[in-house]
Amino acid sequence: LETAKQAVQSCHQFIDDFDHKPKNLFLYGSTGVGKTFLSTCVAEAVSARGFSVAYDTAINIIAAYETIKFGNGDGAAAAERAARYERADLLIIDDMGTEMGTAFTVSALYNLINNRLMAHRPMIVNTNLLPDELKKRYSPAVASRLLGEFKQLRFFGDDIRMLKSRMQNR
C-alpha cells in the first residue's frame with residue numbers, strides 16, 4: 001500500500017512539474033497492478049494542461065518503425081505516428097517487453113528513447129520486466145538509460161483483472 005501511495009505521489013509530482021521537464025518515470029511490476037491505469041491518468045492530466053501526449057504500446061511503436069524501415073504497410077501513416085512519438089511533449093510506452101526481441105527492436109527503442117532524452121522530452125515507460133530482465137532483453141545502453149534517467153516505480157499486488165473476474169464469477 002505504501003509503494004502505491006508513493007507511485008501516485010510521484011505521478012502527481014510529474015504532472016505538477018511538467019512545465020519544467022520532470023524526471024522520466026519507469027513503472028514496472030507484474031501484470032494487472034495498475035501501471036497502465038496510472039499512466040492513462042497522467043496522460044489525461046498532462047493533456048488537459050494543453051500538452052501533447054503520444055501513448056501507445058511498444059508493439060505498435062515498433063510496428064511503425066518496421067513499416068518505415070521495411071516498407072510493409074502504409075508508410076505515410078507509420079511516418080506520421082513515428083513523428084508523433086518523437087515530438088510529443090510526453091511519450092508513454094506501454095507494455096515494453098511484449099514486442100518481439102530483435103536487433104531492430106532494440107535499435108529502434110534505443111534511438112527513440114535516446115533522442116527524446118537528448119531533447120529533454122519526458123517519457124513514461126511501463127513494463128512487466130524487472131530491472132535484471134530488462135538488462136538481459138535489451139542492450140546495456142537501453143537498460144542504462146531506462147534505469148539511470150528514469151525514476152523507478154515498482155508496483156506490487158495481485159492482478160486486478162483476475163480479482164475482478166473472480167468477484168464476478170461468485
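Mentor: A crossing is left-handed if the near helix is turned anticlockwise from the far one by less than a right angle. Keep that in mind as we look at this predicted model.

Trainee: Which hand does the crossing of α3 and α4 have?

Mentor: The crossing of α3 and α4 is left-handed.

Trainee: What makes α3 oblique to α4?

Mentor: Helix α3 (residues 58–70) and helix α4 (residues 75–87) pack at about 130°, and their axes are 8 Å apart. Angles of 65 to 115 degrees count as roughly perpendicular and those over 145 as roughly antiparallel, so α3 is oblique to α4.

Trainee: Which residues meet there, and how do they divide into nonpolar, polar and charged?

Mentor: From α3 come residues including Asn60, Ile61 and Tyr65, and they meet a set in α4 that includes Ala78, Arg81 and Tyr85. The contact of α3 with α4 divides into nine nonpolar, three polar and two charged residues.

Trainee: How do you know that the buried residues of α7 are on the same side?

Mentor: Val142, Ala143, Leu146 and Leu147 are the buried residues in helix α7 (residues 140–148). They cover an arc of only 115° around the axis, so they lie on the same side of α7. Among the elements they pack against are β1 (24–29), β3 (90–96) and α5 (103–118).

Notes
Residues numbered from 1 in each chain as written. Predicted model: local features only at pLDDT ≥ 70, side-chain atom pairs only at ≥ 80, totals over all residues. Heavy atoms only, no water. Axes fitted to C-alpha atoms, helices over the stretch in contact; angles between N-to-C directions. Helix = DSSP H or I, 4+ residues; strand = E, 2+ residues; numbered from the N terminus. Parallel < 35°, antiparallel > 145°, perpendicular 65-115°, else oblique. Contact = heavy atoms within 4.5 Å. Nonpolar A, V, L, I, M, F, W, Y, C, P; charged D, E, K, R; others polar. Buried < 20%, exposed > 50% of the residue type's maximum accessible area, 1.4 Å probe, protein only. Arc of directions from axis to C-beta.
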